[in-house]
Amino acid sequence: MEKQIEFENWVKSLDDVNMPRWEEITDIPLYMDQLIAVVTQYLEPFQIFSSDKKPVTSSMVNNYVKLGLIPKPIKRHYNKRHIAYLIVITLFKEVISIQDIRRVLIFLAQSQGNSNAYDQFCALLEMTIKRKGHVYLKVAVDDEIETDYSDPKDFDKYIIYLACETITNLLFAKKFISFVDQDITEIETEA
């Protein structure tokens with residue numbers, strides 16, 4: 001019962017999750033360590049990374065540049081685009097392959113532009129998280145975003161929605177599993 005209350009409190013806290021929109025991300029050029037700190041801070045509410053695993057490292061950033069997932073830094077400085085891409089890549093890589101992420105990023109950048117696609121990702125991720133929480137808590141779902149993805153003008157947004165739904169399901173599953181792991185540890189300790 002105590003674990004369930006703790007889980008419910010966590011679910012309630014998700015109502016406060018707000019992703020930084022394109023215009024809210026700093027325009028100040030950042031060095032690698034600053035970039036990692038900023039991205040890690042933005043990803044902190046998701047808690048889908050184990051305590052011993054950092055969501056972003058300098059090796060990851062360098063690999064993403066080599067793979068063409070993010071642009072090369074300009075004179076060792078990273079900008080708003082790097083931050084936004086790293087947030088999306090870090091969350092996407094939990095549910096789809098790096099090769100698929102690359103294809104999706106290229107598709108979205110071409111169809112919607114970086115800032116628009118990123119802002120839609122943020123809005124849809126917030127919506128799917130809040131919707132999942134409201135369903136669990138049996139609270140009325142009040143979606144801000146009602147989109148008909150079969151409409152040709154919105155079809156390309158469907159991949160963002162699907163990814164956000166999957167990330168949200170993973171977020172809830174990992175949190176729930178963490179409570180199960182605590183129970184197993186307690187049982188093993190008692191034995």
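Colleague: Which residues of α4 meet α5, and what makes that a contact?

Modeller: In this predicted model, Y85, V88, I89 and F92 in α4 meet I101, V104, L105 and A109 in α5, where contact requires heavy atoms within 4.5 Å. By class, this contact has eight nonpolar, no polar and no charged residues, given that Ala, Val, Leu, Ile, Met, Phe, Trp, Tyr, Cys and Pro count as nonpolar, Asp, Glu, Lys and Arg as charged, and the others, Gly among them, as polar. Residues are numbered from 1 along each chain as its sequence is written, and side-chain values use heavy atoms, with hydrogens and water left out. As this is a predicted model, local features need pLDDT of at least 70 and side-chain atom pairs count only at pLDDT 80 or more, whereas totals for chains, interfaces and linings use all residues.

Colleague: Why is α4 called oblique to α5?

Modeller: Helix α4 (residues 80-92) and helix α5 (residues 98-112) pack at about 140 degrees, with their axes 11 Å apart. Angles under 35 degrees count as roughly parallel, over 145 as roughly antiparallel, 65 to 115 as roughly perpendicular and the rest as oblique, so α4 is oblique to α5. The axes are lines fitted to C-alpha atoms over the stretch in contact, and the angles run from 0 to 180 degrees between N-to-C directions. The crossing of α4 and α5 is right-handed, the term for a near helix turned clockwise from the far one by less than a right angle, left-handed being anticlockwise.

Colleague: What makes α4 and α6 oblique to each other, and which residues make their contact?

Modeller: The axes of α4 and helix α6 (residues 114-137) come within 11 Å and cross at roughly 45 degrees, and the two helices are therefore oblique to each other. Here α4 passes α6 in a left-handed crossing. The contact is made by R81, A84, Y85, I87, V88, L91 and F92 of α4 together with N114, Y118, F121 and L125 of α6, and by class it has nine nonpolar, one polar and one charged residues.

Colleague: Why is α2 described as oblique to α4?

Modeller: Helix α2 (residues 32-43) and α4 pack at an angle of about 50 degrees, with their axes 10 Å apart, which makes α2 oblique to α4. The crossing of α2 and α4 is right-handed. In α2, L35, V38, V39, Y42 and L43 meet H82, I83, L86, I87, T90 and L91 in α4, a contact of nine nonpolar, two polar and no charged residues.

Colleague: How do you know how confident the predictor is across the protein chain?

Modeller: By pLDDT, the predictor's confidence in each residue from 0 to 100, the protein chain averages 85, and 88% of the residues score at least 70.

Notes: Helix = DSSP H or I, 4+ residues; strand = E, 2+ residues; numbered from the N terminus.
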